[in-house]
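Thanks, everyone; I would like to take a few minutes on the model now coming up on the screen, and I will keep to what was computed from its coordinates.

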Amino acid sequence: MCAKDTETKYGGISKLNHWVIGLLIIGMLVSGVLFEDMPKGPDKAALVGLHKSFGATLLVLGLWRIVWRLKNGFPSYDFSISKMQKGLGHALHGLLMVMAIALPISGLIMGAAKGYPTSVFGLFTIPAFATKDEVLGTLARAAHGYGGNILIALIVVHILAGLKHRFIDKDGVLQRMTGGK
């Protein structure tokens with residue numbers, strides 16, 4: 001397998017970016033839903049701490065993925081697909097990448113504005129704001145919550161589109177990312 005993308009296929013780096021970030025995002029969404037209704041205590045604090053650490057990691061990986069895509073572009077379609085489907089596919093991928101950055105940023109702002117620093121796996125700490133800003137913290141919390149719901153919808157559409165290409169269109173779109181034939 002080639003590490004870099006070719007003109008028509010995703011390479012190993014793009015596939016690794018896609019699957020690691022995709023699984024990390026799904027894990028983040030699941031953990032966010034889980035701890036939302038948990039009672040305060042050490043279990044919730046531990047899960048929130050992991051959520052914040054993985055969120056900071058996701059921010060770095062998401063930025064890396066955007067830089068990679070800007071540098072490499074997307075492989076062209078070597079099969080027949082409508083302009084509308086191409087446009088929708090590019091828009092969906094763009095929104096997914098934006099959300100992979102926006103949610104970690106809103107999460108970090110939410111904590112920092114409410115006076116909570118973010119420890120990243122105990123390796124380093126992203127400090128809280130010098131002065132609490134409850135309004136900004138509340139706005140960031142709303143953006144984080146609504147953004148999470150939007151991201152869930154985008155992921156569902158992304159998965160359904162991949163399955164449509166695989167089982168209905170049988171056009172090879174999904175196989176470019178899975179490596180299947």
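Predicted model: local features only at pLDDT ≥ 70, side-chain atom pairs only at ≥ 80, totals over all residues.

Ala153 sits in helix α4, where helices (H or I, at least four residues) and strands (E, at least two) are DSSP runs numbered from the N terminus. Ala153 is partly exposed, at a relative accessible area of 42%, on a scale where buried means under 20%, exposed over 50% and partly exposed in between, with a 1.4 Å probe and protein chains only.

Residues are numbered from 1 along each chain as its sequence is written, and side-chain values use heavy atoms, with hydrogens and water left out.

The pLDDT, the predictor's confidence in each residue from 0 to 100, averages 93 over the protein, and 97% of the residues score at least 70. Among the elements, the lowest mean, 86, belongs to helix α5 (residues 175-178), and the highest, 98, to strand β2 (residues 124-126).

How do α3 and α4 pack? Their axes, lines fitted to C-alpha atoms over the stretch in contact, are 8 Å apart at an angle of about 150°, angles running from 0 to 180 degrees between N-to-C directions. That makes α3 roughly antiparallel to α4, the term for angles over 145 degrees.

Finally, Leu96 touches Leu151, Leu154, Ile155 and His158, leaving aside residues up to four places away in sequence, where contact means heavy atoms within 4.5 Å.

Definitions and conventions
Parallel < 35°, antiparallel > 145°, perpendicular 65-115°, else oblique.
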